[in-house]
Structure formats: structure tokens, C-alpha cells
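Please read this note with the sequence and the model open side by side. The points are meant to be checked one at a time.

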Amino acid sequence: MTILRLPDGRNLEYLVEGPAGGRPLVLHNGTPSAASLYEPIVTAAARNGLRVVTTSRPGYAGSTAQPGRTVASVAADVAALLDALGADRFLTVGWSGGGPHALACATLLSGRCAAAATIAGVAPYDAEGLDWLAGMGAENIEEFGAAATGPAELTAFLEAQVPALANVRGDQLGAALGDLVSDVDKVALTDTFADYTAGMFRAAVSAGVDGWRDDDLAFVTGWGFDLDALTTPVAIWQGAQDRMVPFAHGRWLADHVPGATVHLDEAEGHLSLVITAFDAIVADLATHR
């Protein structure tokens, strides 16, 4: 784990793995999360000559909180990190709550971002024609209901969730996620992937709930950029068996991200999609190098 001091004095925690000199694949993890890498993801990227770069967003783990940040705020942090790494062009992928952050980088850093992909990424909260909560598990409905009410209510809700995640083990994760996990995702939550995901959740709450709260607030307010301005090639990947980010979000993004390449899979869920499709996702991104 490495810390970058940003121009505004904040610390940004990050990880880099893969071939030295490889084009960066900037990975935006979901919510809650912290800088953490699943080895098969690193291996898939390396096969395509890419090194994976990931951060703890502000307020998570070793990254300084940035109260009031929007989804768009991520672009400046990514640009500063790429500058520090001596990298110009990059690719980006965002999973779940990381999806909007990948789209922000693709839109706001279009001169540097060669291509982007979202994996089960959320759509804008005010998306026209989308019932944003429909199809989500009960835990997400309660969480985002608190987010829509305000920061104090959301903070109280999230702090009540910390004990369940602070020491969670891989073999406990299915139960901890409750109604958010579909049958196909329960099957995916085994062995090393379950251990990796549990470790990321533990890291996510290790410094409190600031990062988690600010992610949620950023999702239910304006993202800070216009999807219509997106000119970077984007691929949308979404599974229908998803209780965390419902299939309708993927369909909405497929219809509203300009020129998107769309991969809607009826059989996959929120977690299983990462396991089954990541090789193909990275291979597709790498064609834009």
C-alpha cells in the first residue's frame, strides 16, 4: 500500500500490481471498499499487458476524507495519481459503486482515457424513467432511504452496520449480505473470492464510515458531470440476477451512455459477473490501447 500526497494536502492510498511500464487499468471498486486487488483480476490484466491501479476513495482506510465530494471529484485524484506514476493514457473499469466513477473518468479525462467499462454499475439517482430502488435487496432500500433523508440519518445507519463488517470472514459473508445476494451470487461467494471480498469490507470500515457515507451521498445527488458529453468508448456489463444493482440500471445505462457496447447477461448476478466475465472485459478494453 502506498500513499500519495495530493495537491490539496489530502492523502490518497493506492495499490499498483502488474507489469512495470504496462498501461494502467484504473479499477474503481464498489461501495463500501478500499484499495484491494483480487489476484485473478491482476492476472487477467497482465495477460493483456496492463498493470492494475486502484485507490481507496476519500474517507476509506488510509485516504483522507473529502466531505461534499461528488462522483466527478474522482477524476482529479486519478489524474494526480497517473501523473505521479508517470502515465498518460489509461483504461478504466468500475464495479458496482465504482461504475459511476469509471464513467466520470471517461468523461472528464477523455483526452487520457482510451476506454472504460462498468460492471453492474449504478445509474444516476434521478435517471428519467428508472425506479432506482426497484429490485434491490432490503438492505440497500433501507440504506439509500437513509441517504436520501440526509447525512445524519445515513451516518447513524452505516455506523450500525460496522460491527457486522469489521471482522467478517469469507464464510460469513453470504449471511452478512442477506437479501442482497441472489442464488447465483451465493454460489460465487466461496473460497478465495469470498475471502477477498470479506477482506475488502473489513478494510472499508477500518477508518469509520466517512468514505461509505460520502459514496452514498454522491450517488443520490448530482454526479457532477453530463453523460451526454461522453465520447470515450464504453462497455456496459450487467447481470439480471443482481439484488445489489438491479438489471434495470444496466438497461438504463445501455440506452443512455452514448455509443455504449452492451453486454446484458440473464444468468449472472452482481458478484458472479466479475468472476465469469472479467477476462472478457479486460480483453475488450485492451483492444483500445
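This is a predicted model: local features need pLDDT of at least 70, side-chain atom pairs count only at pLDDT 80 or more; totals for chains, interfaces and linings use all residues.

1. Residues are numbered from 1 along each chain as its sequence is written, and side-chain values use heavy atoms, with hydrogens and water left out.

2. The largest nonpolar core has 103 residues, and V93 and L227 are those with the most contacts inside it. A nonpolar core here is a set of buried Ala, Val, Leu, Ile, Met, Phe, Trp, Tyr and Cys residues joined through side-chain atoms within 4.5 Å, and buried means under 20% relative accessible area, exposed over 50% and partly exposed in between, with a 1.4 Å probe and protein chains only. In soluble globular proteins, nonpolar side chains tend to be buried together.

3. T92 is found in strand β5 (residues 90-95); helices (H or I, at least four residues) and strands (E, at least two) are DSSP runs, numbered from the N terminus. With a relative accessible area of 0%, T92 is buried, and among the residues that T92 touches, leaving aside those up to four places away in sequence, are C105, C113 and A116.

4. Helix α5 (residues 151-166) and helix α9 (residues 210-219) pack at an angle of about 135 degrees, with their axes 9 Å apart; axes are lines fitted to C-alpha atoms, for helices over the stretch in contact, and angles run from 0 to 180 degrees between N-to-C directions. That makes α5 oblique to α9, because angles under 35 degrees count as roughly parallel, over 145 as roughly antiparallel, 65 to 115 as roughly perpendicular and the rest as oblique.

5. Most residues other than glycine have a negative phi, and most peptide bonds are trans. A61, although not a glycine, has a positive phi of about 50 degrees, and A61 is partly exposed, with a relative accessible area of 23%.

Methods
Contact means heavy atoms within 4.5 Å.
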